[in-house]
Amino acid sequence: MTITVTLNGKRITDDVAPDLLLYDWLRQKGCLSVKCGCETTNCGLCTVHVDGKPTLSCAMLAVRADKKTVTTLEGLQEEAIEFGGFMADEGAEQCGFCNPGFIMNVLAMKEEPDVYTWTDRQIKEYLEGNLCRCTGYAGHLRAIRRYLAARQEGMK
Amino acid sequence: MKVVGKAYRKKDAMQLVTGKPVYTDDLKPNGCLVVKLLRSPHAHALVKEIKKDIALKVPGIVCILGWEDVPRTRFTLAGQTYPELSPYDHAILDQRLRCVGDPVAIVAGETEEAVDRAMKLIKVTYEELEPVLDYTKALDHPVVVHPEDDYQVLVPSINCDQKRNLITTEHFEHGDVEAQFKECTHIVEHTYHVRAVSQAMMETFRAYCYHDLYGRLVCVSSTQVPFHVRRVLSNALKLKKSDIRVIKPRIGGGFGAKQSVVCEMFPAVVTHLTGRPAEIIYTREESMTNGSPRHEMSVTVKLGCGDDGILKAMSMYTLSNGGAYAEHSPTTVGLSGHKGLSLYGTPKAYRFDYDVVYSNTMGTGAYRGYGATQGEYAVECAISELAEQAGFDPITFRKMNMVREGQIMPAYYGELCQSNALDRCLDRVCELIGWDEKYPAKRMENGKIRAVGVALAMQGSSISQVDEAAVELRLNEDGNYHMLVGSADMGTGSDTTLAQVAAEALECELDDIAVFGVDTDASPYDSGSYASSTAYLTGRAAYETAMELRKKMIHAAAGCLGIDEADVLFDGKTFSDESGLHSMTLRELGVHSLGGFSGRMLSASVSRVSPVSPPPFMAGAVEIEVDPETGKVEILQYKAAVDCGTVLNPNIARGQTEGGLVQGIGMTLFEDVQFTDKGKLRNNSFMQYKIPTRLDCGDLEVVFESSYEPEGPYGAKSIGEVVINTPAPALTNAIYNATGLRFYDLPIKAEQIALGLLHRDER
Ligand code: FES
Ligand code: FES
């Protein structure tokens, strides 16, 4: 089946098998930041943005992305460097394998209208689906807090 | 200190957070064959026939290998220094299948679809055999898990008896334990059970292989033990080590899982036989069912003290389940007692016995903590129970008995404890959590109960006189350095901390040292990243190497300047004499060394074996809230104080601690391991095997109370493993304080607490 997808700002047309997962298609297209940690839609490692919304690419067929905009961390490098800097300063990136999916979800979260007023609990709930086995999550929260504070500062 | 102790970013941090392709599967060459394994549905069976003719006709299938098609060799997958203590009981493929999921056939093809189709078309005839699934009955069971003749034990002192399903057995006694127990007025004895929990690193097992331009076998692997991978492949395929090259890129977590060479032999044998590049990626399910989980253990602890609350004797018997294969079985078990019992220095007598047995359950391996986790969980629960029986609060009781700096530790190989801030660690967590106000428990207005619990922990730092580590440092012509390492940074930041140690010794900036690793063709030998060895042992090698290079550089500079070596001052940038009349920069020396002037490239490599294994210590205190209606335990806060000696990089050390705590919380409250009566693992995905999410772990706070370890680099000890050991006992103790229920089995699930409370109230 033929699909046309705007992938990281570029329009591509491709012929895909009807049962091909978006995850596999993205890796075929060289978006190697997208990782897989489970087969059961439980880990969040494969999170990408589809029409701006965080989506598990392992739970979506490539054909469903037809006429949609798909963004991976390859397409958000500046944002990744900005938020990732806070991760790095907290030592919260560790093995890094969960980072792209997690960061994609954080970058979606930052667009939530009232995110600057969120409690720690709200942040954790939003990101609950992103598992990490290395960090114990504490560094993630510290990095997010600093990142949000810096952004808010920048808005003033 | 200028560089050591600073919270630098990891050298690879920005590559990781921007999602660069740095992991095994990101790097594979084009045209890599897809390798998958057809696995046994039976816990114990013989392969009678593998019919593969129809499957071979699937377009794109390149080979299907059964046990008769692969080299018949026996080896161990355990990543350990040669001669390995783990018996040689593994084959690439075997006719005898010893657990559900044991590989029956290796299928390689051009595409995943082709391989999946072929797998369905292979017809295997099995002769089903009776399995021995209950490890508590495995010793001397009529069913023998490893009856084969080519089974090999390299180190006879493990006392292995293959025909009895006995992997190892041991008796250790110091002092007269029975006589001491007779004098005790208070005794506690219980058996504690820990399951075969899974490391659940986010990147599952994976590797790819190809032949290089010389026709040698190259294996790129997500491993903690590149040099041991090389040995295992050389054993499995009967290749010379010089004909194998192993490369470790970035790896997505290990936690001990990747201290076993779980999957590398499958693509290796495909490449070996077909000449084609080949890759295997374990599914999450395979990683759970046929990985290298923690050893299931039943730990029976007996402790006794007098009315004065001073321990007189401690004894432990550990029965450990090696499962189908004995990887790490002879070694993990030792830590349960040698570390668990050594937390306390007052007893006059110690006894530690153990048996490790085979059974037809999944093979086991190394998981952070490596047996110490199981043993310390048992000891730390029993200590709290004994304290109560003897009329002491758990903090006072621990302080009266804990191991102290300057003591000889009889159960810890008789080593002298040269650095120990455990007392300060305990004080600190009590203060942070508000122990005095909160102990033992408080009922809240909403009916929930808040309670606190505490536990101590220790580990080692490298395996003394076994692990070996080297680094190599080279001076470049522009006055900066290359450091080649053989230890595996697995997200632990060791590439960075090792460079910090070298930079401190060379008085340069961290950025002046580029780190390269790991490639067995280029890196100096390192036994690998396990047994809490990297910061301590490889760190010490980095220090020694830097000092050696310093000496060489000063010698060379003295020659250039025409002055006496003893008169050369070096501040990291310039060599000069005291007057400053003679001087040259490091850059000038670099140019001199490589510019054809001296014929002396400046480099150094020093390897290091440690005579001792200095324990890091820690204390953990948790505050929980229990809902007596549902039994749900919510962690409010967890306070941890760690003595890892000098902290090389506080960010990295803190991250290690937080991660270890949450893994410990997982095994205590969530991570369940259940088998069907046919020996099939039920909890084989993240759906059934629940690891903690960010909502499950409360607020963590980590502080450091440093001692100074004279054997370590700048006083450092290890940190990677000790951090997983406190949650199980601290939480078990807190749950007791909240509910009056004592649990002796992990995980402690909400329904067990709710039911326990119901029964208690009925009584
Ligand atoms: S890979 Fe785990 S949720 Fe997609
Ligand atoms: S950093 Fe390793 S899984 Fe999150």
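Modeller: Happy to! Let's begin with burial: buried means under 20% relative accessible area, exposed over 50%, and partly exposed in between, with a 1.4 Å probe and protein chains only. This is a predicted model, where local features need pLDDT of at least 70, side-chain atom pairs count only at pLDDT 80 or more, and totals for chains, interfaces and linings use all residues. Residues are numbered from 1 along each chain as its sequence is written, chains are lettered from A and ligands numbered from 1 in the order in which they are written, and side-chain values use heavy atoms, leaving out hydrogens and water.

Biologist: Why is Lys238(B) called exposed?

Modeller: Its relative accessibility is 63%, and the label needs over 50%, so Lys238(B) counts as exposed. Lys238(B) sits in the loop between helix H6 (226-237) and strand E11 of chain B. Helices (H or I, at least four residues) and strands (E, at least two) are DSSP runs, numbered from the N terminus. Lys238(B) also has a positive phi of about 55°, although it is not a glycine.

Biologist: Where is Lys67(A), and what makes it exposed?

Modeller: Lys67(A) is in the loop between strand E4 (53-56) and strand E5 (69-71) of chain A. A relative accessible area of 71% makes it exposed. Its phi is near 65°, again a positive value in a residue other than glycine.

Biologist: And how do you know whether Cys95(A) is buried or exposed?

Modeller: Cys95(A) has 5% relative accessibility and therefore counts as buried. This cysteine is in the loop between helix H2 (77-90) and helix H3 (99-109) of chain A. Cys95(A) and Arg133(A) are 38 residues apart in sequence, with their C-alpha atoms 9.2 Å apart.

Biologist: Now to salt bridges. What makes Glu286(B) and Arg39(B) a salt bridge?

Modeller: A salt bridge is a side-chain nitrogen of Lys or Arg within 4 Å of a carboxyl oxygen of Asp or Glu. For Glu286(B) and Arg39(B) the N to O distance is 2.8 Å, so the pair meets the definition. The two residues are 247 apart and link distant parts of the chain: Glu286(B) is in helix H8 (residues 284-289) and Arg39(B) in strand E1 (residues 33-39), both of chain B. Glu286(B), at 13% relative accessibility, counts as buried, and so does Arg39(B), at 17%.

Biologist: Why do Arg74(B) and Glu148(B) count as a salt bridge?

Modeller: The side chains of Arg74(B) and Glu148(B) come to 3.7 Å, N to O, so this pair also falls within the cut-off. Arg74(B) is in the loop between strand E3 (61-65) and strand E4 (96-97) of chain B, and Glu148(B) in the loop between strand E6 (123-128) and strand E7 (166-174), so the pair ties together parts that are 74 residues apart in sequence. Arg74(B) is buried at 12%, and Glu148(B) is buried at 12%. Over all chains, a search of the whole structure finds 65 salt bridges.

Biologist: What makes H14(B) largely enclosed?

Modeller: 13 of the 13 residues of H14(B) are buried, so the rest of the structure largely encloses this helix. H14 (residues 494-506) reaches 18 Å from its first C-alpha to its last, close to the 18 Å expected at 1.5 Å a residue. That expected span is 1.5 Å times one less than the number of residues in the helix. Just after H14(B), Glu507(B) takes a positive phi of about 55°.

Biologist: Last one: how do you know whether Glu578(B) is buried or exposed?

Modeller: Glu578(B) has a relative accessible area of 76% and is therefore exposed. This glutamate is in the loop between strand E24 (574-576) and strand E25 (583-585) of chain B. By the same test Glu629(B), with a relative accessible area of 69%, is exposed; Glu629(B) lies in the loop between strand E27 (617-626) and strand E28 (633-643) of chain B.
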